Amino acid sequence: GKRIGVLTSGGDAPGMNAAIRAVVRKAIHDGDEVFGIRYGYRGLAEGDIFQMEERDVSDLTARGGTMLYTARYPEFKDAEGRQPAIDQLKKHGIDSLVVIGGDGSYRGAAALAAEGIQTVGIPGTIDNDIPGTEYTIGFDTACNTALEAIDKIRDTATSHLRTFIIEVMGRNAGDIAVWTGIGSGAEQIIIPEADFNMDEIVANIENGRKRGKKHSIIVLAEGVMEGHEFADKLYEYDDYHARVTVLGHVQRGGAPTARDRVLAALFGYKAVELIHEGAAGVCVGMMGEKIVATDINEALESKGHSHDNQVKLYNINTEISF
Ligand code: ADP
């Protein structure tokens, strides 16, 4: 059997635990030994490594966060920073490594693959901004959490005839914003992938009011600007007093949805299969509802996360949200 290491790196996301569980169980099922590495690449360099048994991942699928913890470790970008990690892997006889994280974590995995370590990446982030997959672990849960909050804000917006700006996460991607915008029936969605025009936004709010709309919900992706900044612009523009809600880190926590749990299980399972097939420097993903593997460097060098889909959803929302 193989000796497989597993770690989570970068920002945490709901469903990472379900992925860890799948990796551990599939590996043990196939006669491998599995080693958990705490605190991402930092813990790897420091030797925070322990053997995992099947019962170590009991009752894990429903839990948010990551039982292996996560950390940032900028030193990993340099060969000198990576060397202690490579030494630790050798010391523990670990020949393959599953890295659950974002594109920064993928770069670290690619660097290790170049050193002869069999690495497989699993996309884990709420932002849905990783190449090689249409969906990342945690995205669905984050959208559902944000939707629940927006629904509640809508109630009070209706009661007071107000305009609300709701800032959602997503780093430079508008995925969470378009999904929660459409999902909540927002009047306006503002994402980095599409230009916005203040004239149109203000005209939309006015038109809505004339047609009997009781409120306006504007879902703003954090990658465009901060909610307060946008509210200031709206005020400067036309004396609009919009209320601002920044959803923030609630979007990163909580029990994963069914979709994220299943996605995590399928990704973890596939990662171990790929290791058995001898793959190295690859990442798993879902494309057209199929689980696929892509070379990590190819994925990172490609256009990256496609913008077409967000823009398509954005345009659809514009047609149905008047
Ligand atoms: P994410 O994986 O969510 O994108 P980061 O960008 O913070 O989060 O990356 C996580 C970790 O991956 C970093 O702290 C660092 O240890 C490692 N990493 C990031 N970029 C590189 C790189 N270019 N080369 C090697 N390792 C990297």
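Let me start with the ligand. There are 18 residues around the ligand, and the ones that come nearest are Gly 10, Gly 102, Gly 104, Ser 105 and Gly 108. Keep in mind that this is a predicted model.

Which element gives the largest share of the shell around the ligand? That is helix α4, residues 103–114, with six residues. By class, the shell has nine polar residues, five nonpolar and four charged.

Seven strands make up an open sheet, and the order across it is β3-β2-β1-β4-β5-β10-β11, with mixed pairing. Which strands stand at the edges? They are β3, residues 49–52, and β11; each has a single partner strand, so one side of each has no neighbour in the sheet. From one strand to the next, the twist averages 30 degrees.

As a reminder, strands of a sheet pair through backbone hydrogen bonds, and the pairing is either parallel or antiparallel. This sheet has both, and I will take one example of each.

The parallel example is β1 with β2. Strand β1 covers residues 3–8, strand β2 covers residues 33–37, and four bridges join them in the parallel sense. One of the partners to look at is Ile 4, whose bridge partner in β2 is Val 34.

The antiparallel example is β10 with β11. Strand β10 is residues 282–287, strand β11 is residues 290–295, and they pair over six bridges in the antiparallel sense. Val 282 stands opposite Asp 295 in β11. The two strands form a hairpin, with two residues between them. In that turn, Gly 288 has a positive phi of about 55 degrees.

Now a helix pair. Two packed helices are described by the angle between their axes and the distance between the axes. For helix α5, residues 139–160, and helix α6, residues 175–184, the axes come within 9 Å and cross at roughly 45 degrees. That angle makes α5 oblique to α6. The crossing of these two helices is right-handed.

Last, the annotation. UniProt, in an unreviewed entry, places the feature "domain: Phosphofructokinase" at residues 3–275. Over residues 3–275, the chain is 44% helix and 17% strand. How far apart are the end C-alpha atoms of that stretch? They are 10 Å apart.

Methods:
Residues are numbered from 1 along each chain as its sequence is written. This is a predicted model: local features need pLDDT of at least 70, side-chain atom pairs count only at pLDDT 80 or more; totals for chains, interfaces and linings use all residues. Two strands pair if DSSP finds at least two bridges between them. Axes are lines fitted to C-alpha atoms, for helices over the stretch in contact, and angles run from 0 to 180 degrees between N-to-C directions. A residue is near a molecule or strand if its C-beta atom, placed from the backbone, lies within 6 Å of it. Ala, Val, Leu, Ile, Met, Phe, Trp, Tyr, Cys and Pro count as nonpolar, Asp, Glu, Lys and Arg as charged, and the others, Gly among them, as polar. UniProt positions are given in the numbering used here, feature names are shortened, and annotations may be inferred rather than shown by experiment. Angles under 35 degrees count as roughly parallel, over 145 as roughly antiparallel, 65 to 115 as roughly perpendicular and the rest as oblique. A crossing is left-handed if the near helix is turned anticlockwise from the far one by less than a right angle, and right-handed if clockwise.
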